[in-house]
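Open the model in your viewer and keep the selection tool ready. Each stop tells you what to pick and what you will find there.

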Amino acid sequence: EEEGEGKGHPERSAQREHLSIALYVKGFVLNGVPWGCDPHPPRTLGAIAATDGVTPSPTLPPQVVDGHNIKWTETERIVYAGATLPGEKKGRMCYLSHALLVVSFSNPDLCPLFSDTTLPFPASYSPQYVEACWYQWWEKKGFFSPELHSSLPHAVDQSFSMCIPPPNVTGSLHLGHALTVAIQDALVRCRITTFFSSPALYLCVFVRQSVVERRLLWERGRRRQDYSREEFLQEVWNWKNEKGDEIYHQLRKLGASLDWSRACFTMDPDFSSAVTEAFVRLCDSGLVYRSEGLVNWSCALGSAISDIEVDMLELRGRTLLSIPGYEQKVEFGSMVTFSYPLEGQDGEISVSTTRPETMMGDVAIAVHPDDPRYQALHGRECRHPFTGRLMPVVTDTVVDMSVGTGAVKVTPAHDQTDFLLSQRHSLPRITVIGEDGTMTSSCGPCLVPGFAGVKRFEARERVLEALVEKQMFKGKMEHPMALPVCSRSGDVIEPLLKKQWFLRCGEMAKKAVQAVDDGELELIPHLHHKTWRNWLSSISDWCISRQLWWGHQIPAYRVSFPGSTDADTEQWVWGKSEAEASERAAAKFGVTPDAITLTRDPDVLDTWFSSALFPFAMLGWPQKTADLQQFYPNSLLETGSDLIFFWVARMVMLGTELTGQLPFRQVLLHSLVRDKHGRKMSKSLGNVIDPLDVISGVSLQRLQEKVKEGNLDPRETAVAMEAQRRDFPSGIPECGTDALRFALCSYKAQGEDISLSVSQVLSSRHFCNKMWQTVRFALGVLEPRDTVPVSSVDRWLCSRMYSTVQQCERGFENYDLLSVTSALYSFWVHNLCDVYLECIKPLLGQQGAETAEQRVTARSVLFHCLTITLSLLAPFMPFLTEELWQRLQPHAGGKSAVVTSLCLQPYPRSSQLVGEGESLSIVEEEDALARTLRSQCCMTKAKPDSKSCVNSSLYKQAFRSHCFYKVRTHTDTIKTSLGLCIKMEIYFLQGNVGTDKQSAQLSQRRQKLLSKLEQLQSRTRMPHYAERVPQRVRQETENRVSCGLDENWRNKCQIKT
């Protein structure tokens, strides 16, 4: 019982210096884990008593645990008491009669003595055992503080700082967040122990109003409009205070080395003041202005949303979709053709549209000036059949003659292209769809009875019926299209004409492009340079107003004068406070402050506006704080490639504008995480994976309960649950944080999207167990003595160690974590375990005096390579490496570590190692080749037909005539006058090597690839693709097509070979 304060235990000390834990022995289930199934060997009660001072006590009556009545059998009650050295030791577990108890401590002061790393080493690896309390100890000791690292002996006068993307405190982390944390933390931990004295990883979080709104509607049946603004904001604060620690717990669970003393919340007073300061400065400089323009409006949310919150849903044809607020599915992906009669003459013009309900707002018909079909109609007019409005026929090169009839209806108030066209031709703008998604009274006379107030997609059907009745309907056909959908509500975006605050981005965007062109800002990988330049070169002004209640309320005030009757004219001022705004208004209009009335804009600023400020706002800007001077600009930004425009670009623009400096020098962009089938992770598909479920394991039943607890439509819930039953029939096994982090960093994060499979994480867990067993073996043979390598195989292993350190250096320098993890895995498994340990096992088993020195040397080399490799792996596996490193420290001999944690160890450098050693390149190359061929030829389980022992001068001849199975090196290498001659056992396989099967597999893979390529390329051939699909989506599609073509070429070469 945590903190030793359970009921009915008067003998437990209340002092923080002591801790008493009652351990009960029984085979029962707690948190879904069967007790009594412990894979670790039990410690006997006698051994515990002899070592730790355990005294038996009377039995206890049945207890209630987590609401379940647990019936205890007649077992001894063991009370364990031990002195605690606060912050020095950590809570863990004890083994009693095959029962496993994990004790976690929320208070690091209570980490007890009985579970330190001097306890017997368990027989197998358990993530739960290893990850129990190290983080609390690190945090308690301040190992993540830059002030501590600046005092280390190996510190230099240089800083490394990063900020993480702002997670949503009302939600939970997904695998995309986990990938970000894994990469960022690996880079920070490497630099904590390498070059920099003051590393800092900063955290900033925000709350999404929509999450709270859905929760209130679900729990209380009340909408936001049922509350006053003050009442609703209090509900949001209550939610934040209740759920705010969950995101912190998840980040700690992932092992993120965050400087928690500098964590901030976007609504904190200091941060809010920085947001207000930024808005006022931008208004004063003329960059922020108020104007009427089209915004992305979500009718379900009742607010404009940012571009980043708009998903473009690709439709290949007629599709029925579930839309919020509609009982029946709505049809999309169809193009309707109808006609407008010409005014003053016989004839008509047929137009095509995917949105016939907006025809009530049509004000013109546009044709291409070079279209021969409409040359005689330039400048003519048409009569609207329902409103009676005259509509001119205008010419514009934006019209695509090949789509539909070549004539398009112009609805400026509900289409961005039409809005720009209306500006060029001075056309009126009529809003016919309201903020709630219903038709407005501007639709005109009641030629369509009861039309006003009808939902927009229901109005679509009424319009079609009316067109048929008037014999103006010409037909309907399937039409591929990109449908804009709100990522938060699933509602179809409605472009609406609103008066909003906009930020001029033109000049700031030019500076951002110039920074990349001049090399001041580096985007990694460099393939994003072209995308960056193309998008920022055609950027439009940014609408920063949001019709929400939660957020930073815009510090702008509408000025009104007593007795004024002109309600349409708007006069605005801004200020850091209402008093300052009043003074500005009085000075602007030449009146006293008492002569005016100020009304604050009820809208709030876009979340991404405040997020774009936090590289410097979190450090105390606009005040010139010590943190701002030391850590700004940041050294690096690491984030997903999907945020390059909507967060990265805006940070660069606003950072440069407000501080005169780029917010960071480098931007590292990783790919998106998809499921194992390559699909985007979505709750409705049931493929969203909670990192904590991968870490701790979860049953299928619990996965499905989570789906039911969500806000999905019942039909989507059924689809998601079926997908879970198919992908996770037995749930998700426990993998641990270290395995998850290592697996995420073992993908090529820069380039094509990552298709993550839980089986890959499970493979990394097996690697963790391999490390565990290696150190367990080493602990049984190590002796604390210093020596140097003398034998050939010792020098060879040291040489491989040196080469591995070099690969890690190059990998971190190039941000290529895949090469780092691959090098470390290869060294540990193939060099250390497969070769070296197998070579020295017979030697360590000998007892003769003639081999005593060799045994001592082997033990020293083993310890040397283990400690260095654990330091190399620490950025990826912080918990396991800390545990194993601590276990090895008593064997350090005369070079015992002067620091108390692996977190503080300097990262290994090749300049500190000796690079010379024996070369076994022949064996290494042929062994690697044998492994590759066996895998490619599907013969991994085949048994050898024969064996031959050859020396290095004969291996090529042997390989010419046989398909080989594996290579085994003898330890008794022979020195000759020609140098080192290595005896090798080569195992051979005869007969068919499965080329037919391999060719069929490659062909099948190619067919899937071609199908995927055709699907991608078909999207680019859709009508109006360039105009209607955002630049970022087009660039992503282009990158995926390019990668697919490269892969197809490689596949053809493999088939030919």
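Select Tyr815. Is Tyr815 buried or exposed? At 7% relative accessibility, Tyr815 counts as buried; buried means under 20% relative accessible area, exposed over 50%, and partly exposed in between, with a 1.4 Å probe and protein chains only. This is a predicted model, where local features need pLDDT of at least 70, side-chain atom pairs count only at pLDDT 80 or more, and totals for chains, interfaces and linings use all residues. Residues are numbered from 1 along each chain as its sequence is written, and side-chain values use heavy atoms, leaving out hydrogens and water.

Stay on Tyr815. Its phi is near 55°, a positive value in a residue other than glycine. Tyr815 sits in the loop between α23 (792-813) and α24. Helices (H or I, at least four residues) and strands (E, at least two) are DSSP runs, numbered from the N terminus.

Jump to Gln471. Here too phi is positive, about 60°, although Gln471 is not a glycine. Look for Gln471 in the loop between α10 (456-469) and β25 (473-478). Gln471 is exposed, with a relative accessible area of 69%.

Next, pick Gly660. This residue comes just after α17 and takes a positive phi of about 80°. Now colour α17 itself, residues 644-659. How many of its 16 residues are buried? The count is 13, so the helix is mostly covered.

**Two cis peptide bonds**

Zoom to Ile524 and Pro525. The peptide bond between them is cis, with omega near 0°. Pro525 belongs to the loop between β28 (522-524) and α12 (528-537).

Then go to Trp621 and Pro622. Their peptide bond is also cis, and its omega is near 10°. Pro622 lies in the loop between α15 (614-617) and α16 (626-631).

Most residues other than glycine have a negative phi, and most peptide bonds are trans.

**A helix pair: α24 and α25**

Show helix α24 (residues 817-844) with helix α25 (residues 852-873). Their axes come within 11 Å and cross at roughly 165°. Axes are lines fitted to C-alpha atoms, for helices over the stretch in contact, and angles run from 0 to 180 degrees between N-to-C directions. The two helices are therefore roughly antiparallel to each other; angles over 145 degrees count as roughly antiparallel, under 35 as roughly parallel, 65 to 115 as roughly perpendicular and the rest as oblique.

Contact means heavy atoms within 4.5 Å. The contact of α24 with α25 holds 17 nonpolar, 2 polar and 2 charged residues. Ala, Val, Leu, Ile, Met, Phe, Trp, Tyr, Cys and Pro count as nonpolar, Asp, Glu, Lys and Arg as charged, and the others, Gly among them, as polar.

**On to α26**

Phe863, Leu866, Thr867, Leu870 and Leu873 in α25 meet Thr881, Leu884, Trp885 and Leu888 in α26. That contact has 7 nonpolar, 2 polar and no charged residues.

**The nonpolar cores**

Which residues have the most contacts inside the largest nonpolar core? Select Trp138, Met771, Trp828, Leu862, Phe876 and Leu880. The core has 110 residues. Such a core is a set of buried Ala, Val, Leu, Ile, Met, Phe, Trp, Tyr and Cys residues joined through side-chain atoms within 4.5 Å. α24 gives the most to this core, with 13 residues. A second, separate core of 64 residues includes Cys283, Cys505, Val513 and Val652.

Centre on Phe876. Beyond four places in sequence, the residues that Phe876 touches include Ala186, Phe742, Phe812 and Leu824.

**A buried aspartate**

Select Asp418, in helix α9 (residues 416-425). Asp418 counts as buried, at 10% relative accessibility. Leaving aside neighbours within four places in sequence, Asp418 is in contact with Lys409, Val410, Thr411 and Pro412.

**Zoom out**

Show the whole chain. It has 31 helices and 43 strands. Of its 1057 residues, 53% count as buried.
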